[in-house]
Amino acid sequence: QKDQIRQGRLAGDRSEAILHFLASMDADRWIAEADLLVDMAHLLMLRRQGIIGEEPARALMAGLLDLHDTGLPESAFNERFEDIHAGKEAYLIERVGEEFGGRLHMGRSRNDEVATCIRIRLRSEMLGMMHEICGLRQVLLDAAARHTETIMPGFTHLQYAQPTTLAHHLLAYEQAFARDSARLRSTYERVNLSPLGSAAFASTGFPIDREYTARLLGFAGIAANTMDAVSARDFALEAISDAALCMTTASRFCEELILWSTTFAGFLQLDDPYCSSSSIMPQKKNPDTAEIMRAKAGSVAGELVAALTIVKGLPMSYNRDLQELTPHLWRGVEAARQSLPLLAGMIQSASFNTDRMQSEAGKGFSTATELADVLVREFDLPFRTAHRVVGRAVRHGSLDLATLEAAAADAAGISLTARGLTEQRLGEVLDVRHGVSVRVAPGGPAPAATAAAIADRLEAL
Ligand code: ARG
């Protein structure tokens, strides 16, 4: 088979180095199947519009259906063709002869062909990602439902801040992943438009029917302006960005799994299959899956930056630079699609040490905020005064009644016991369960609030 496209204008053999440099064959494996669908839709349209005769159309369709069943031969991926579009055309021409095989490319270009292929494959990858996010959200909601009463420390600045519940923490991630999914869904609308029929950029004088091919290929409509349609890759940039954001959420969760599984936190044990050991330290159980996932979020962010940078200087319309962008898209999507189910599995199989979480929850004066709030609600202090009194007591090292009373005198010139604060009430307020139980506002950590949230989120899911 010859490279059909070079026979006219260009002469001379090219070195392996040039061929390899120009070829997109590795990434084209992602779109080879879509390319056959694009060919079939284009061919059906050519026939329907009377642009191609019945005999060549039948011969071509037989060849395409065959290829669809058997898959493209390895020879079509040879780098001397530069890309799969040329490799596949050469194969078809060899198979049915140029008289018929040479008629398929009427009224189109590789520029609209490749853009259509990418959108078709990307659609199914995005649907896959959304499906996987749904699975992950379900796992989070199931785990949250088991842990509405599990008290744990809540952090700001990675310092113990206020007690919360494990359900509340898991629901925070479910909410973030729901947004990641919503972004994909929105991007999908812009991906799901057909560039086919744009040809090189200026469309074609053949009486084509773009709406028809768009419909056959399952698109919601056409990417109308033909110059924009062949040169636009913002749909891909959005998709990589969606993947990068989703991986960023996953990475944050991985970071917590890593922290929570340390010996000093001891909040959970990851299941052995997600961990690795050490070649020298026999005791080691390392959270490698979570670490690789955390790193992959960085790689996907890199794919986004690379892709944005490739596009930013490109004039209209098609430029070969765009070929260099596509592998970033596939790598971004692939990283997310590999990570999401693994993250779901890692969470589902983890065993949470709820006693340990609960025993840590009250440390670091984490109930101080609730105490200040109670001084406001029950003893009529302005919040800023209560904040100063409690803070002063913490500075003196304790929230017992005597220290608090001294702090109140010192920082506000008042007596809390004179206002009715008792040892017993103070003990109740400083209990971690108390602070959680009164945080019943929507979205909060109280068991009643998280139970309601879980019901809402399941409905949304
Ligand atoms: N392999 C190319 C790509 O991915 C296909 C389009 C080639 N078009 C061209 N004018 N050389 O962008």
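**Figure 1. Phe365, in the loop between α14 and α15 (368-379).** The model shown here and in the other views is predicted. Phi of Phe365 is near 55°, which is a positive value in a residue that is not glycine. Phe365 counts as partly exposed because 18 other C-beta atoms lie within 10 Å, and a residue needs 20 or more to be called buried. In the domain division, domain 3 covers 361-460.

**Figure 2. Asp380, in the loop between α15 and α16.** Asp380, like the residue of the previous view, is not a glycine, and its phi is positive at about 60°. Is Asp380 buried or exposed? Asp380 is exposed, since 11 other C-beta atoms lie within 10 Å and the limit for an exposed residue is 12 or fewer.

**Figure 3. Helix α17 (residues 401-412) and the helix it packs against.** α17 has 12 residues, which at 1.5 Å a residue should span 16 Å; its end C-alpha atoms are 16 Å apart, so the two values agree. Leu404, Ala407 and Ala408 are buried in α17. Viewed down the helix axis, the buried residues of α17 fall within an arc of 105°, and therefore line one face of the helix. Which element do these buried residues pack against? Their partner is α16 (383-395).

**Figure 4. Arg439, in the loop between α19 (432-438) and α20 (447-460).** Arg439 is buried because 22 other C-beta atoms lie within 10 Å, where 20 or more are required. Leaving aside residues up to four places away in sequence, Arg439 touches Gly444, Pro445, Ala446 and Ala449. The view also includes Glu370, which is 69 residues from Arg439 along the chain. The C-alpha atoms of Arg439 and Glu370 are separated by 9.8 Å.

**Figure 5. The contact between domain 2 and domain 3.** The chain is divided into domain 1 (12-106), domain 2 (111-150 + 164-360) and domain 3 (361-460). Taken over C-alpha atoms, the centres of domain 2 and domain 3 are separated by 41 Å. In this contact, 15 residues of domain 2 meet 12 residues of domain 3. On the side of domain 2 that touches domain 3, the elements giving two or more residues are α7, β2 (159-165), α8 (166-191) and α14 (354-361). Which of them gives the most to that side? α8 does, with 5 residues. By class, this side of domain 2 has 7 nonpolar, 5 polar and 3 charged residues.

**Figure 6. Helix α7, with 37 residues.** From its first C-alpha to its last, α7 reaches 54 Å, close to the 54 Å expected at 1.5 Å a residue. Of the 37 residues of α7, 26 are buried, so the helix is largely enclosed by the rest of the structure. α7 (110-146) also supplies at least two residues of the shell around the ligand.

**Figure 7. The shell around the ligand.** The residues around the ligand are Ser24, Asp83, His85, Arg110, Asn111, Val114, Tyr318, Arg320, Leu322, Gln323 and Thr326. Which helices each supply at least two residues of this shell? They are α7 (110-146) and α13 (321-349). Domain 1 (12-106) and domain 2 (111-150 + 164-360) each contribute at least three residues to the shell. By class, the shell around the ligand has 3 nonpolar, 5 polar and 3 charged residues.

**Figure 8. The cis peptide bond from Met316 to Ser317.** Omega of this bond is near -5°. Ser317 is in the loop between α12 (288-312) and α13. Tyr318 and Arg320 are among the residues around the ligand.

**Figure 9. Asp271, in the loop between β5 (268-269) and α12.** Asp271 is partly exposed, with 15 other C-beta atoms within 10 Å. Not counting residues up to four places away in sequence, Asp271 touches Ser349 and Ala350. Asp271 and Met346 are 75 residues apart in sequence, and the distance between them is 7.0 Å, C-alpha to C-alpha.

Key
Residues are numbered from 1 along each chain as its sequence is written. This is a predicted model: local features need pLDDT of at least 70, side-chain atom pairs count only at pLDDT 80 or more; totals for chains, interfaces and linings use all residues. A residue is near a molecule or strand if its C-beta atom, placed from the backbone, lies within 6 Å of it. Helices (H or I, at least four residues) and strands (E, at least two) are DSSP runs, numbered from the N terminus. Ala, Val, Leu, Ile, Met, Phe, Trp, Tyr, Cys and Pro count as nonpolar, Asp, Glu, Lys and Arg as charged, and the others, Gly among them, as polar. Domain bounds come from an automatic or database domain assignment. The expected span of a helix is 1.5 Å times one less than its number of residues. The arc is that of the directions from the helix axis to the C-beta atoms. Two residues are in contact if their C-beta atoms, placed from the backbone, lie within 7 Å.
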